[in-house]
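Please open the structure in your viewer and keep the selection panel at hand. The tour below goes from one selection to the next and says what is to be found at each stop.

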Amino acid sequence: MAQRGKFIVFEGLDGSGKSTQLKMLEDELRAQGRTIHRTAEPTGGDVGRAIRRALSGDEPRTTAQLAALFLADRIEHNAEIAAHLDAGEDVICDRYFYSSMAYQGPLTDPDWVADMNRRCPAIAKPDLCVFLDVDYRKCKARLDAGRDKLEIYERDLSFMESTRSAFLAVFRRYESEDRIVIVDADRELDAVAADILAAVQKIL
Ligand code: TYD
């Protein structure tokens, strides 16, 4: 039987350059001969699509509803993630439960959001979380320049600032239980990629 793959998640504010760094890591690991399954949350499934409609502002939901939808989407997603890990593939996921804790936690009840995600038997804990830390003003400027229509969490600069603080508080809270690396992503792409790779190599 194949050795179980590694489960790596990327987190960061909207506009922090997650997709670019995710792709760079994917290419590098493939070049090393590893098999990679790249995925993201919200997913493209039924629940994920309902989440997207809410994030667009077209079908508003309460934050508690959103937290529950993200949870349901994640439970479904975990079946796919587990299948790839079991097959010996590494799974790299754009966002995971740290996003629920940072975005929905402060707007509802942080312990409720953390518990329902972290204590759910159908939701795996990642082997590594990479947080791309970029100045929230830069993230906002990138979003404003690159998108025609902003999603609900991308519209307000002060919300982005408080989300960054929420992420950092979550990481402080779980630093002894989880493996989390905070990367200064306000630098040249290759320098950021090198730091991410160094953190990933430690768990391979
Ligand atoms: P994002 O990765 O930014 O997708 P895209 O760049 O394609 O728009 O994620 C979409 C939004 O979903 C983002 O604003 C963060 C939010 N989100 C949560 O609020 N909670 C969650 O649990 C997850 C996974 C995402």
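A residue is called buried here when its relative accessible area is under 20%, exposed when that area is over 50%, and partly exposed in between, with a 1.4 Å probe and protein chains only. The model is a predicted one, in which local features need pLDDT of at least 70 and side-chain atom pairs count only at pLDDT 80 or more, while totals for chains, interfaces and linings use all residues. Residues are numbered from 1 along each chain as its sequence is written, and side-chain values use heavy atoms, with hydrogens and water left out.

Start with Asp-133, which lies in strand 4 (residues 128-133); helices (H or I, at least four residues) and strands (E, at least two) are DSSP runs, numbered from the N terminus. At 15% relative accessibility, Asp-133 counts as buried. Contact means heavy atoms within 4.5 Å, and, leaving aside neighbours within four places in sequence, the contacts of Asp-133 include Arg-164, Ile-182 and Asp-184.

Select Asp-184 next, in strand 5 (residues 180-184), which counts as partly exposed at 41% relative accessibility. Beyond its neighbours within four places in sequence, Asp-184 is in contact with Asp-133 and Val-192. A polar atom of the Asp-184 side chain lies 3.0 Å from the backbone nitrogen of Asp-186; a polar contact is a pair of N or O atoms within 3.5 Å, where, within protein, one must be able to donate a hydrogen and the other to accept it, and residues adjacent in sequence count only if both atoms are side-chain atoms.

Now move to helix 6 (residues 136-146), where Tyr-136, Cys-139, Lys-140 and Leu-143 are buried. Seen down the helix axis, the buried residues of helix 6 fall within an arc of 95° and so line one face of the helix, the arc being that of the directions from the helix axis to the C-beta atoms. Ala-145 and Gly-146, on the other side of helix 6, are exposed.

Which residues are closest to the ligand? Among the 17 residues that surround the ligand, the closest are Asp-14, Arg-74, Arg-95, Ser-100 and Gln-104, where near means that a heavy atom of the residue lies within 4 Å. An oxygen atom of the ligand is 2.7 Å from an N or O atom in the side chain of Asp-14, and for the side chain of Arg-95 the corresponding distance is 2.8 Å.

Stay with Arg-95, in the loop between strand 3 (90-94) and helix 4 (97-104). The phi of Arg-95 is near 80°, a positive value in a residue other than glycine, and at 11% relative accessibility Arg-95 counts as buried.

For the last stop, select Tyr-96 and Phe-97, whose ring centres are 4.9 Å apart with planes at 40°, so the pair is tilted. Rings of Phe, Tyr and Trp (its six-membered ring) pair if their centres lie within 6.5 Å, and planes under 30 degrees apart count as stacked, over 60 as edge-to-face and the rest as tilted. Tyr-96 is buried at 0% relative accessibility, and Phe-97 is buried at 2%.
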